[in-house]
Amino acid sequence: MDIQYLGNQELLKLQKTAFLASNTIPIEMVLKCYDWASGKHEGCVISGFSSKLDKDVLHFLLKSKCPVILVLARKMYYDSEKIPK
């Protein structure tokens, strides 16, 4: 299996917290996830960020400048002119 990387591989050395959410989740849990994502984090957060809630959490994490590792369960495709290696 060929593993590909794009971005800062130094993040792999940090303490990681995984975040995974189902497409169906009670509203009270959604609010707790938003609160968690808005808080301070040690290390970085790793996820596929594929569900609606995952994407919302990613928004909060990026806003707070939390380091994030995005894991794709498929081959990466990118335009080399737009995204630096």
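Predicted model: local features only at pLDDT ≥ 70, side-chain atom pairs only at ≥ 80, totals over all residues.
Strands here are DSSP runs of E with at least two residues, helices are runs of H or I with at least four, and both are numbered from the N terminus; two strands pair if DSSP finds at least two bridges between them. As for β1 and β2 (residues 44-47), they run parallel and are joined by 3 bridges, and alanine 18 stands opposite isoleucine 46 in β2.

Residues are numbered from 1 along each chain as its sequence is written. Local features need pLDDT of at least 70, side-chain atom pairs count only at pLDDT 80 or more, and totals for chains, interfaces and linings use all residues, while side-chain values use heavy atoms, leaving out hydrogens and water.

Turning to the aromatics, the count comes to 2 pairs, where rings of Phe, Tyr and Trp (its six-membered ring) pair if their centres lie within 6.5 Å, and planes under 30 degrees apart count as stacked, over 60 as edge-to-face and the rest as tilted. Phenylalanine 19 and tryptophan 36 make a stacked pair, 5.4 Å centre to centre with 10° between the planes. Phenylalanine 19 belongs to the loop between β1 and α1 (27-38) and tryptophan 36 to helix α1, so this pair ties together parts 17 residues apart in sequence. Phenylalanine 19 is buried at 9% relative accessibility and tryptophan 36 is partly exposed at 31%; buried means under 20% relative accessible area, exposed over 50%, and partly exposed in between (1.4 Å probe, protein chains only). Tyrosine 34 and phenylalanine 60 form a tilted pair, at 5.2 Å centre to centre and 50° between the planes. With tyrosine 34 in helix α1 and phenylalanine 60 in helix α2, the pair ties together parts that are 26 residues apart in sequence. Tyrosine 34 is partly exposed at 23%, and so is phenylalanine 60 at 26%.

Most residues other than glycine have a negative phi. Phenylalanine 49, though not a glycine, has a positive phi of about 50°; it lies in the loop between β2 and α2 (52-63) and is buried at 6% relative accessibility. Lysine 65, also not a glycine, has a positive phi of about 65°. Its place is the loop between α2 and β3, where lysine 65 is exposed with a relative accessible area of 72%.
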